[in-house]
Amino acid sequence: MATLTADEIRSRVETDWNRIVKVLAEKVALQSISAKGITAEHMKRSAEFVADELRLVGVDTKVVQASNADGTPGAWEVIGSHIVSPDAPTVLLYAHHDVQPVPDPAEWNTDPFVATEIDGRLYGRGSADDGGGIAIHSGALKALGDDLNVNIKVFIEGEEEMGSPSFIPFIEAHRDEFAADVIIVADSGNWSADIPSLTTSLRGNTCVDVTVQGLEHPVHSGQYGGPILDSNTLAAMLIASMYDENGDLAVPGVTAEEPIGGLQHDLDETTVREDSGVVAGYEFAGTGSLASRLWTKPSVTVIGFDAHPVEGSFNVIAPETRFRLSLRTAPTQRPEEAQEALAAFLESHAPFGAKVTVERGENGMGWAMDPTAVATKDALEAMTEAFGVEPINKGEGGSIPFIPELQRIFPNAQVLVTGPEDPKANAHSPNESISLPGLKNNVITEALLLDKLGK
């Protein structure tokens, strides 16, 4: 079976390029904001648009409404297939068609829902996350055309930005339509617009709500201040107790790992400082490589804190404080195990005998790539041929809980996490954009990969 060269595929993508960009621009204009209602008509229109575009590149698609675990209506999903031979390998292509909201359009330099090209980047909400993933799949399938030698199944989700509440029931109900030898999840990104990456790992996530109580009721700070600390201070002490003198999380039972497959290239501190916007003089917490601190070591963030506002405050000792912790777990640690370890630590480190109550929240498992899988090697070769440089693999500090769920439901499938983003993409933020040269190379990469997988 003949294998297409990178030059042959690049020529086909160049010929199709205006269509690919047009699809992405039209997708941006749809304003597919799932936060405005995953069951709403605008989300159905978004799904139908994607289904129509995939039909044009040979996929027999349909729009199906999922159901949540409790039986209520869920998201509008796009599923479909293109079967070339019952003996050929099967590849499932995943992306999502919903996008993040735009809380304040004034923070954007362009209209967030009008795709605008500036200096080789296309700006617009969803241009990268995850309209770019849809464009990659569409462009790769068009480039291969009649030379496609793998069976294709697609799943374009409609609620990823809302936590995928109906994802598992939907997958369970459509097992036969999603069963595959390889699953390509195009919802991550590259080292840079010019250097490709496979995503090697994702951290898991768990949440707890913590209540710290020192008094039965508020009392005057002048009368009782000193021996009695306010609950905000007690909460601050409890939070600080989770860390050692270097700023590493030091909670027994919450594990740390090194980058999956080994660290090829550490992150540049100057770039991380610029991209994150830390203030001048701030020193990064923790020890070890920046990559491990951001990808595979655990981290805790206070994402909510109930306290009296400064305006209108008065001289009273707060009796009770509640806060929410988000714990990002190492890729292979069970999140419920880390959650219990964190809860036990907090309850046993109550400052000055204060009452500490912990409510357990939801858990999401992390994920680690199999670096020895055949599909992994094919993907790395395809990236090198398409981009002209060796890939630098990277982890992600965030969580995509449906990926380990896919791996659980289809344990024999090889999972690859790719995607259209780069450090300048600003996904979820103002001025989201996608590198058009990077997108073109991503399309070529996926077409080469699909061709290799069919050998």
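Author: For a pair of packed helices, the angle runs from 0 to 180 degrees between their N-to-C directions. The model here is predicted.

Reader: At what angle do helix H1 and helix H2 pack, and how far apart are their axes?

Author: Helix H1 covers residues 6-29 and helix H2 covers residues 41-55. Their packing angle is about 170°, and the axes lie 11 Å apart. Angles over 145 degrees count as roughly antiparallel, so H1 is roughly antiparallel to H2.

Reader: Which residues make the contact?

Author: H1 contributes Arg-19, Val-23, Glu-26 and Lys-27, while H2 contributes Ser-46, Phe-49, Val-50 and Glu-53. Sorted by class, the contact of H1 with H2 has four charged, three nonpolar and one polar residue.

Reader: How many helices and strands does the protein chain have?

Author: The protein chain has 13 helices and 18 strands.

Reader: Why is the protein chain said to be as compact as a globular protein of its length?

Author: The general idea is to set the radius of gyration beside the value from the globule rule. For 455 residues the rule gives 23 Å, and the protein chain has 24 Å, which is close, so the chain is as compact as a globular protein of that length. The C-alpha trace spans about 85 × 45 × 45 Å along its principal axes.

Reader: What volume does the second largest pocket have, and which residues lie nearest its centre?

Author: The volume of the second largest pocket is about 230 Å³. Its lining consists of 13 residues, and those nearest the centre are Asn-232, His-308, Phe-314, Val-316 and Ala-318. By class, the lining of this pocket has six nonpolar, four polar and three charged residues.

Key. Residues numbered from 1 in each chain as written. Predicted model: local features only at pLDDT ≥ 70, side-chain atom pairs only at ≥ 80, totals over all residues. Heavy atoms only, no water. 1 Å grid on protein atoms, 1.4 Å probe; cavity = no way out; pocket = protein on both sides within 12 Å on 5 of 7 lines; lining within 4 Å. Points joined across faces, edges and corners; volume = space filled by probe spheres on them. Nonpolar A, V, L, I, M, F, W, Y, C, P; charged D, E, K, R; others polar. Helix = DSSP H or I, 4+ residues; strand = E, 2+ residues; numbered from the N terminus. Parallel < 35°, antiparallel > 145°, perpendicular 65-115°, else oblique. Contact = heavy atoms within 4.5 Å. Rg over C-alpha atoms; globule rule 2.2 N^0.38 Å.
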